[in-house]
Amino acid sequence: LVLAGGGYTALMIGREGVAVARWLAGLGYHAFVLVHRFPDARNGPSAPLDDARQAMRVIRGDGYGTQGLGVVGLSSGGHLAACLAAEYPPEWNEPADRHVGEDTRPDVLVIGYAPISTNAAGRTIIADKPPLPPAQKQAMYDRLQPDAQLRDAPPPCFITYAANDPVVPVENARRLHAALG
């Protein structure tokens, strides 16, 4: 499952979705690209995670992933991918799904330049960083901090960042690595 970035306000489906899926397919893997809803007033803060969890269930329920199901997430898609290995907030109501009982936890993760917790209130790395609009997006980041909410026995994970990235500081990689350790 490929999760493209776009800051939860757009999707970089071409270069961070379809291009990655084509590369994976060329290596012999089945590859799926998720087009998810955004956290906003219409969808609420849980929409992207609900869509990603449903995609995992559908892929598994349709017989794919029997030998393992990996998730590749880049930028905000990396945050979303890491959230699949974390606890689902108990106060959120998960939508009904036709594949009830299928596991949503990835068997392996590839996380690239993801804002793991840098956008969460009280955990920002950039001084005086204002809340991110819309309010539901900031509420999602505040509630979904995968480095602090990982489920037991997280899957193997490959993490890649640039040390000089001014938008998504490498400290996010360090936080995720420490949580996985």
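The model is predicted: local features need pLDDT of at least 70, side-chain atom pairs count only at pLDDT 80 or more, and totals for chains, interfaces and linings use all residues. Residues are numbered from 1 along each chain as its sequence is written, and side-chain values use heavy atoms, leaving out hydrogens and water.

**Aspartate 147**
- Aspartate 147 belongs to helix α5, residues 146-149; helices (H or I, at least four residues) and strands (E, at least two) are DSSP runs numbered from the N terminus.
- With a relative accessible area of 12%, aspartate 147 is buried; buried means under 20%, exposed over 50% and partly exposed in between, for a 1.4 Å probe and protein chains only.

**Proline 155**
- Proline 155 sits in the loop between α5 and β4 (157-160) and is buried, at 4% relative accessible area.
- The C-alpha atoms of proline 155 and arginine 105 are 8.1 Å apart, while the two residues are 50 apart in sequence.
- Beyond neighbours within four places in sequence, the contacts of proline 155 include Arg105, Pro106, Asp107 and Leu180.

**Helix α4**
- In helix α4 (residues 135-143), the buried residues are Lys137, Gln138, Met140 and Tyr141.
- They lie on the same side of α4, because they cover an arc of only 155° around the axis; the arc is that of the directions from the helix axis to the C-beta atoms.
- The cover over these buried residues includes α2 (47-61) and α3 (76-83).

**Cavity**
- The largest cavity has a volume of about 40 Å³; a cavity is a set of points on a 1 Å grid over the protein atoms alone where a 1.4 Å probe fits but cannot get out, and its volume is the space filled by probe spheres set on points joined across faces, edges and corners.
- Its lining consists of Asp50, Gln54, Arg57, Glu94, Pro95, Ala96 and Asp97, lining residues having an atom within 4 Å of a point.

**Backbone exceptions**
- Most residues other than glycine have a negative phi, and most peptide bonds are trans.
- Proline 133 and proline 134 are joined by a cis peptide bond with omega of about -10°.
- Tyrosine 113, in the loop between β3 and α4, has a positive phi of about 40° and is partly exposed at 29%.
- Alanine 153 has a positive phi of about 50° and is exposed, with a relative accessible area of 57%.

Notes. Contact = heavy atoms within 4.5 Å. 1 Å grid on protein atoms, 1.4 Å probe; cavity = no way out; pocket = protein on both sides within 12 Å on 5 of 7 lines; lining within 4 Å.
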